[in-house]
Every structure is written in C-alpha cells, then in structure tokens.
Amino acid sequence: MSRPAPRLACVLAVLAALVLTLCGTPARADDPSERYPEPFFNGNVGDPSVAMVGKRMVVVATGPQINRAYKDPGRTWRYEQPVLTRRPAWAAEQGGIWAADIAKVGKRWVLYFAVPVAGLGEFGRCIGVAVAKKALDPFRPVGKRPLVCPSRALVPTAHDPVATPDLPSRGVIDPSLYTEGKQHYLVYKTDGRPSSIRLLPLSRSGRKVRTGQDPADPSVELVRAEGVIENPVLLRNAGGYYLFASEGDFARCSYQQTWRQSPSLTDWSASVPAVLLDRTITGGLCGPAGGDVLKHKGRTTLYFHGWVRLHSSKPKGAGYWAWNGGEKYGRRAMYAARLTFPAGVPTVKKYLTRKGVPARVPTPY
C-alpha cells in the first residue's frame, strides 16, 4: 500500500487530533474502570425483579420491607411504598426481606418473597406469597403457612417442606416464577453450602402447590453446587431451557452471572455452567449478577445489579466487601442489557442506560 502524500498526511494528523479532542482518548484495554456501563436505574436495587404494566416498568428489590419503583416512558424512576401491608403472622418481625419476585398470574399480581423466620439461625428465611389487584398497590400476604420452608423452622408446616436431608437446612430464598402454557412453577434456592436450585409446580393461582404433588416432597432439584448458586431464573428459548443464576459471594466484586442450558425442564444433569457477566466482561462493574430476564415485545433483556458508591454511579473497587461494613458505603444499582442467542449462546448485545437519580434512595438493608 502506498503512503499518503506529506500534505495529506498532515491533514489526516490534524483531523485525528481534533477527533481525540472532541471525543476523548479511547479507554485503555487494561483499565476497566473507564469502560463500565452506566446504571439503568441508579437507585438501591439489589436482586431486581422487573415487570411491564403496559408501557410502565415496575421493579421490586431486596429491602427492609421490599423496595419498589416504577418508570414511565420519558420519566425518571419513582419509588412507591409500601409494598407489603404487613408481614405474614409466621414471619419474624425484624430483618430484611430478600429477592422478591413480582408477576401477574391470572387477574391478580403476585409477589413472592423471602422473609426471616424463627428456628433457622440469624439469616434463615422462608418463602411467602402476597397478592394485589395492581402492581403498584400494597400487597396482602395470603395463607396461614409459608409456601416453601424447611421443616426445622418454627412455623406452620409449609406447602413445600423442602425434603433435602443431605443439604444444610438454613432456609430458602430467591423465589422466581416460571410459566409455561397454563402451568406455573416456582424456582428457588436452598441456602447454605452445598446450595441447590429447586423447581416447585404451583396451582393455577400461583399461591399453592399443584394438586397431586407429593405433600412430603413436592419439588425437584435441578442443580446443586458445592459453593453458592442463587437467584435462579428460567427461560425457554428456541425450544430449549436456560437457567440463569448468580454464583459466588454476593458481597464481593467477584460475584458473577452464569447460565446453563438443557433440553429438559426437570433434568439438568448434563448442563455445564458458563459465565455471562463478571467484572472483566462488563468493563469493571462490581458483582454484576442477581439478574432477572424479561421477554417483552420480541426483545429479551437481562436486568441485574452491581455495587456502586453510595452517592454516585461509579462501581466499587475490586477489593470491596459489603459484609465488612462496606454496605454503609455502597449500594446495588440496576443495569440492563439486551440478550441475543447466537448459536444458542446467551450473549450481551448492548447495555441500556436511563439517566436520573430519584430524590430519595432507600438505605441499603
């Protein structure tokens, strides 16, 4: 290839300098802090669950009594409280409610949540159900007993007593609804190590176990991990099933979003975990996981959280650890990414950004 004439080379050099001045110097490949995406919602949105109500987006998240916010097109996010009218009678009065999931079942909106109970230790939680007419209405707990709860807990016997004698009995968390046709299922995590993901067939109302299930052992184990696997979300795409999950310590920047694939809803024995998001892939986000996958108008979007500074959208540094008092200085913002499935592999196509911080952000739990 011939070199450009000297005068042309000079012009090109000037243009290149002008572009750098206007656009800024490109980020270095070894400096991930300069390449991370901005939050889709720069609030306190740990373990987000997202639903669409017409053109309005509603999210619920981990919080003292569950955090909830909504966004209309062209507007900033707004918080809407309270979410629960009260806690169930079987639940403990104190302690944060973790990883709620919101979905419409029939004509009602249903909320699944993990609430503290007695008898399972300091962090032991069980899964309850609440209902409302509208997504932004206060939700009312239903039932006199938990939907899912280990038998060791000091509560009325749950619809699913979690028959896993070879696993720790520390509680159940991270409920997520999966619907196929007219059949509803609840996916959830058994807490402790090893941890597991289980699938529970539900009634048409989504509030109880499906009729005909073994009352002593109505759910089935999908996946087991020696470490931590949690925040399960099921998706069917192109005839196959995908299980999205979070793995690692949620309080560290090494927390990551993973996925598995199976041709069967109940048999995941041959599935192999693969990383979808981590700190390196996202260009410096701290603990990008806790994802919820939503299909809407032909698009598939992953909503997930990441630790950011308390009063900005900048990700926490690689050494951050929330359990070591760090939650006083950080919170989890929500990010959004379009998912595509080239050759059946979930892939982040692009990140979505909506600027704007609500006037009041709920304090981290």
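Predicted model: local features only at pLDDT ≥ 70, side-chain atom pairs only at ≥ 80, totals over all residues.
## Overall picture

The protein contains one helix and 20 strands. Of its 365 residues, 53% count as buried, and the protein exposes about 17400 Å², of which carbon and sulfur atoms supply 53%. When contacts between residues at least 6 apart in sequence are considered, 54% of them join residues at least 24 apart.

## An open sheet of four strands

Four strands, in the order E5-E6-E7-E8, form an open sheet in which the pairing is antiparallel. Its edge strands are E5, which covers residues 98–105, and E8, and each of these pairs on one side only. On average, neighbouring strands of this sheet are turned by 35° against each other when direction is ignored.

Within this sheet, strand E6 (residues 108–116) and strand E7 (residues 125–132) are joined in the antiparallel sense over eight bridges. As a general point, strands of a sheet pair through backbone hydrogen bonds, either parallel or antiparallel.

Strand E14, made up of residues 240–247, is mostly covered, and eight of its eight residues are buried. In a regular strand the side chains alternate between the two faces of the sheet. In E14 both faces are covered: Gly 240, Tyr 242, Phe 244 and Ser 246 are buried on one side, while Tyr 241, Leu 243, Ala 245 and Glu 247 are buried on the other.

E14 is paired with strand E13 (residues 229–237) through seven bridges, and the two strands run antiparallel. Leu 235 has Tyr 242 as its bridge partner in E14. E13 and E14 form a hairpin with two residues between them, and in the turn Ala 238 has a positive phi of about 55°. E14 is also joined by seven bridges to strand E15 (residues 256–262), again in an antiparallel arrangement, and here Tyr 241 stands opposite Ser 262 in E15.

## Salt bridges

A search of the whole structure finds ten salt bridges. In one of them, the side chains of Asp 166 and Arg 224 meet at 2.9 Å, N to O. This pair links distant parts of the chain, with Asp 166 in the loop between strand E8 (140–142) and strand E9 (172–180) and Arg 224 in strand E12 (residues 220–225), 58 residues apart. Asp 166 counts as exposed because its relative accessible area is 52%, whereas Arg 224, with a relative accessible area of 35%, is partly exposed.

Arg 224 also meets the side chain of Glu 221 in a salt bridge of 3.0 Å, N to O. Salt bridges that share partners join Asp 166, Glu 221 and Arg 224 into one network. Another salt bridge brings together the side chains of Asp 249 and Arg 252, at 3.4 Å, N to O, and Arg 252 is partly exposed, with a relative accessible area of 34%.

Terms used
Residues numbered from 1 in each chain as written. Heavy atoms only, no water. Buried < 20%, exposed > 50% of the residue type's maximum accessible area, 1.4 Å probe, protein only. Pairing = 2+ DSSP bridges. Salt bridge = Lys/Arg side-chain N within 4 Å of Asp/Glu carboxyl O. Axes fitted to C-alpha atoms, helices over the stretch in contact; angles between N-to-C directions. Contact = heavy atoms within 4.5 Å. Areas by Shrake-Rupley, 256 points an atom, 1.4 Å probe, with all protein chains shown as cover.
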